[in-house]
Amino acid sequence: MAEHDSDREDGLEPEEQSVPFDEAAAWAAIVAGFGDEPPDPPGAKPFKSVEDLALLEPETNDDEPAPEQPARPASLGGSVAFAPGVGPRDYTTPEPAEDDLGEDDEGHFVPPEPPPLPAADTTAKFAWLAVIGGPLLLLLAVLLRWDMTWWLATTGIGGFLGGFATLVVRMKTDDEDDGDPGRGAVV
């Protein structure tokens, strides 16, 4: 850029020798051509919309649509309409048969019945009752518009906090199972 500046004697930009620009005429040409689509080259296939996907033969710009084709119904957007009872959600997979299994296949895996849950002790049952029952008592008092007395608030809030603290203190830690190699790889 410095080389171009050194070629000029006065350092000013040279004035362009051109026809003056008519801005009003340019805007008028833009507005007049707004919305017009330029013609496609001869022999080009037009873009197929969703409604045209069912047509068998593609049309070109030079061809007129065949007169035997029915007029397309007005659509409510770009969605595909399926006939009643036919569509992608109506597909069901066939049931597997015994013949589908090969020589090496043993069949479908059926997991064993899980062991029963251990019985909870009385302390854990009362702790869960306090954690759930405390907020429910306060909610019931608000819904039934009871007066929020000191014993009602203490029972609801204290029951929740006491039950939560009881459950946290009684949680099992992983320190007891450090020597058990049955829970994964031992390094």
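Mentor: A nonpolar patch on the surface is formed by Trp-128, Ile-132, Leu-136, Leu-139, Leu-140, Leu-143, Leu-144 and Trp-146, with about 840 Å² of accessible area together. Patch residues have over 30% relative accessible area and no salt bridge, nonpolar side chains being joined within 5 Å, where a salt bridge is a side-chain nitrogen of Lys or Arg within 4 Å of a carboxyl oxygen of Asp or Glu. Areas come from the Shrake-Rupley method with a 1.4 Å probe.
Mentor: This is a predicted model, where local features need pLDDT of at least 70 and side-chain atom pairs count only at pLDDT 80 or more, while totals for chains, interfaces and linings use all residues. Residues are numbered from 1 along each chain as its sequence is written, and side-chain values use heavy atoms, leaving out hydrogens and water.

Trainee: Where is Trp-146 found?
Mentor: Trp-146 lies in the loop between helix H3 (122–143) and helix H4 (150–169), helices being DSSP runs of H or I with at least four residues.

Trainee: Switching to rings, how many aromatic pairs are there by the rule?
Mentor: The count is one aromatic pair, with ring centres required to lie within 6.5 Å. Phe-160 and Phe-164 form that pair, stacked (planes under 30 degrees apart), at 6.2 Å centre to centre and 15° between the planes.

Trainee: And which residues of H4 are buried?
Mentor: Leu-152, Gly-156, Gly-159, Gly-163 and Leu-167 are the buried ones (under 20% relative accessible area), and what covers them includes H3.

Notes: Patch = residues over 30% accessible without salt bridge, like charges linked within 9 Å, V, L, I, M, F, W, Y side chains within 5 Å. Helix = DSSP H or I, 4+ residues; strand = E, 2+ residues; numbered from the N terminus. Phe/Tyr/Trp six-rings, centres within 6.5 Å; stacked < 30°, edge-to-face > 60°. Buried < 20%, exposed > 50% of the residue type's maximum accessible area, 1.4 Å probe, protein only. Contact = heavy atoms within 4.5 Å.
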